[in-house]
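These are my notebook entries on one structure.

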Amino acid sequence: MESNDVVYFAHCFPYTYTDLCEDLKVIERDRATQNFVNRSTLCRTLAGNRCEYLTITSKEKDPNSEKSKAKKGVFISARVHPGESNASWMMKGVIDFLVGNTAEAQALRENFVFKIVPMLNPDGVINGNYRCSLAGQDLNRRWKVPSKTLHPVNWHVKKMVREFNREREIALVCDLHGHSRRKNIFMYGNNFSDKPHATRVFPYIMSKLIDFFSFDYSRFSVHRSKESTARVTLWRELKIANVFTMEASFCGANKGQLENKHFMPEHFMIAGRKLLEALIVYTKLEVHPLGSPTQPCIG
Amino acid sequence: MSKLPVEQAQIASYDELKIQDLERELVQNKELIEMTKGDEDGEDSACSDSEPSEDNLSEGEMAKLIPIKPTPGQNRKDKKKAAADQPVRKNSAQ
């Protein structure tokens with residue numbers, strides 16, 4: 001180090017709005033992905049930035065065919081809290097896996113429609129906020145009654161999810177976050193008092209897929225203070241079991257092969273990939289080798 | 001890009017898992033439900049889904065920065081609502 005060097009400290013490995021745009025540009029330019037990725041703008045933020053929005057699904061010859069209509073929906077979002085860059089790394093793992101050339105990715109694209117908002121709060125990310133949007137508000141407490149003027153992303157996401165729900169059955173909603181106090185990766189879900197296991201199956205599957213996922217850190221309470229979070233708001237609207245927040249530690253793991261080690265971006269990306277593998281297990285999706293004839297394959 | 005160290009942290013491959021077996025485990029083993037009961041880690045500081053941090057602007061401060069003017073249509077609706085909400089005056093009996 002030289003005496004005139006400027007040193008930056010970060011809570012977590014940075015992932016900027018520019019990084020997102022660059023990653024999406026690479027995906028868009030790939031001819032193979034043009035068959036199944038649609039990149040668009042959900043809305044403009046308070047500062048006029050684009051809120052990126054992806055739809056990933058295989059193109060059917062007839063969009064009104066039974067096969068097309070039978071596809072279930074998945075909505076995944078990240079980075080509502082701009083300081084939680086670990087969420088963006090998990091999201092990168094989700095997207096990279098979904099657009100990849102693997103049998104699993106192909107099976108997922110053929111059986112699901114994925115709607116993805118990779119960065120819910122680009123203004124906050126660009127301006128270096130930790131928690132809030134440019135309205136000075138925690139957007140993850142503004143889901144119940146979002147203002148179209150002050151919280152345009154929340155407003156447009158809710159509208160989109162409602163339309164999505166009218167169009168097809170939604171199998172999974174997951175909002176990706178970073179956690180500043182706990183180790184490992186875990187989930188917050190909701191609870192059906194008559195069948196508590198229903199909302200716990202998905203995180204339980206995750207705990208079997210990666211050893212730094214902690215089922216026992218996961219919680220499924222629905223407190224009044226959380227009524228305006230995405231997790232609770234969308235659960236109340238959609239009335240499905242699998243509506244989660246997935247939390248990744250800013251630190252690392254306290255168990256498994258990564259015990260006492262700091263998470264690296266690769267580990268967050270693995271968690272994003274495993275979210276999709278858990279979906280394969282949960283829906284009993286049959287995965288055929290690449291190049292083999294595919295059939296409707298959700299059990 | 002270097003290969004992701006997936007194998008380093010993997011317990012089981014997804015194709016080894018059966019959802020029916022995992023559901024049965026959750027139903028039969030009450031401890032699995034018990035261990036996930038209770039509050040989230042909502043201790044003092046902001047930690048994502050937990051309590052919001054202290055840098056949220058109050059509504060009063062927000063209104064100074066971003067005043068939202070009511071639309072003309074909204075004004076008429078508000079006046080109608082206000083009129084409807086007025087208590088009915090009782091005539092004094094004489």
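I began with the burial of Phe202(A): at 0% relative accessibility this residue counts as buried (buried is under 20% relative accessible area, exposed over 50%, partly exposed in between, with a 1.4 Å probe and protein chains only). Tyr282(A), with a relative accessible area of 23%, is partly exposed.

I noted the basis of the values: the model is predicted, local features need pLDDT of at least 70, side-chain atom pairs count only at pLDDT 80 or more, and totals for chains, interfaces and linings use all residues. Residues are numbered from 1 along each chain as its sequence is written, chains are lettered from A and ligands numbered from 1 in the order in which they are written, and side-chain values use heavy atoms, leaving out hydrogens and water.

Aromatic pairs. Phe186(A) and Tyr188(A) make an edge-to-face pair, 5.5 Å centre to centre with 65 degrees between the planes. Both Phe186(A) and Tyr188(A) are buried. Phe202(A) and Tyr282(A) make a tilted pair, at 5.9 Å and 50 degrees. This second pair links distant parts of the chain, as Phe202(A) is in helix α7 of chain A and Tyr282(A) in helix α9 of chain A, 80 residues apart. Helices (H or I, at least four residues) and strands (E, at least two) are DSSP runs, numbered from the N terminus.

Cluster and charge. Phe186(A), Tyr188(A) and Tyr217(A) form one aromatic cluster. Arg182(A) lies over the face of Tyr217(A), 3.9 Å from the ring centre (the rule asks for NZ of Lys or CZ of Arg within 6 Å of the ring centre and within 35 degrees of the ring normal). By that rule I also found the charged end of Lys115(A) over the ring of Phe164(A), 5.4 Å from its centre.

Sheet. Which order do the seven strands of the open sheet take? I read β1-β2-β4-β3-β5-β7-β6 in chain A, with mixed pairing; strands pair if DSSP finds at least two bridges between them. β1 (37–44) and β6 (185–188) of chain A stand at the edges with a single partner strand each, so one side of each lacks a neighbour in the sheet. β6(A) pairs with β7 (243–249) of chain A in the antiparallel sense over four bridges. Tyr188(A) has Thr245(A) in β7(A) as its bridge partner.

Technical notes: Phe/Tyr/Trp six-rings, centres within 6.5 Å; stacked < 30°, edge-to-face > 60°.
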